[in-house]
Amino acid sequence: MTEIHRCTWRGMNGDPFYEAYHDTEWGVPEYDSRALWEKLVLDGFQAGLSWITILRKREAFRAAFANFDPDTVARFGDADRARLMADAGIIRSNGKIDATIAGARIYCDMRERGEDFSELLWGMTGGKPVQNHWKGGDVPAQTPLAVDMAKMLKAKGFKYCGPVIVYAFMQATGLVNDHLVGCFRHEECRKLAR
C-alpha cells in the first residue's frame, strides 16, 4: 500500500471530511464567477475562525444564502437579515451577513456594467494559476499579489477581504497552487491550469 503525502494542515490528517476537501477541491482552478463569489464570502465568514468550521457549515450557508445566487441575495431585506441572524447553522455575525448582502449587490452591479468577476480576478494572475513551490512551513499568510487583489476588491466596496483572507481565497480557488511540493496534489493541480 502506497502512503499518501498531503499538505500538513493542522487537524486534517485522519479527518476524512477534511482530507476529501484537500484531495478534491482545494487548489483546483475555479473559473465560474458565482462559485468564486461564494468562496470569497465563505472565506470572509472564516475571519477569526478555523476553515474546518466554515467547511462543516457550508451546506447550511448555501441553504441560508439561496445557494449563493447573487441576484437573490442582492434582494435580501430586513426579514432575510433577521432570518439569517436566527440561523444556528451558520455564523451569525451582523457585519459578515451585511457584507454578504452588500457584496451580492456589488457583484450584480459589476455584471450589469459588463465586468466579469472571474475575468477580474484571473486577470490579476495573467489568466493562469501562480505555481508556487513551498516546502514545510514556507507558505506565507499573504503575498504582494494578495495585497493588490484585496485593495482592488475593497475599492469596489467588498468587505471582509483583507490580504490574509484574500490569500486563503486564492489558495482555495486555485488562483495560486499552494499545495506543498511533497503533496500528491501539487503536480495534479499544476496540470489543471488552462
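Buried here means under 20% relative accessible area. Keep that cut-off in mind at each stop. The model is a predicted one.

**Stop 1: before H1 and into it.** Select arginine 6 and glutamate 19. Their side chains form a salt bridge, at 3.7 Å from N to O. Arginine 6 sits in the segment before helix H1 (16–24), while glutamate 19 is in helix H1. The two are 13 residues apart, and the pair links distant parts of the chain. Are these residues buried or exposed? Arginine 6 and glutamate 19 are buried.

**Stop 2: over to H3.** Now select arginine 56 and aspartate 15. A salt bridge joins their side chains, 2.3 Å from N to O. Arginine 56 belongs to helix H3 (residues 51–64) and aspartate 15 to the segment before H1, so this pair ties together parts 41 residues apart in sequence. Check aspartate 15 for accessibility. Its relative accessibility is 16%, and the cut-off is under 20%, so aspartate 15 counts as buried.

**Stop 3: the loop and H2.** Select glutamate 25 and lysine 39. Here the side chains meet in a salt bridge of 3.5 Å, N to O. Glutamate 25 lies in the loop between H1 and helix H2 (33–46), and lysine 39 lies in helix H2, 14 residues apart. Both residues of this pair, glutamate 25 and lysine 39, are buried.

**Stop 4: a network.** Select Arg34, Glu38, Glu59 and Arg62 together. Salt bridges link these residues in a network.

**Last view.** How many salt bridges does the model have? The count is 15 salt bridges.

Conventions:
Residues are numbered from 1 along each chain as its sequence is written. This is a predicted model: local features need pLDDT of at least 70, side-chain atom pairs count only at pLDDT 80 or more; totals for chains, interfaces and linings use all residues. Side-chain values use heavy atoms; hydrogens and water are left out. A salt bridge is a side-chain nitrogen of Lys or Arg within 4 Å of a carboxyl oxygen of Asp or Glu. Helices (H or I, at least four residues) and strands (E, at least two) are DSSP runs, numbered from the N terminus. Buried means under 20% relative accessible area, exposed over 50%, partly exposed in between (1.4 Å probe, protein chains only).
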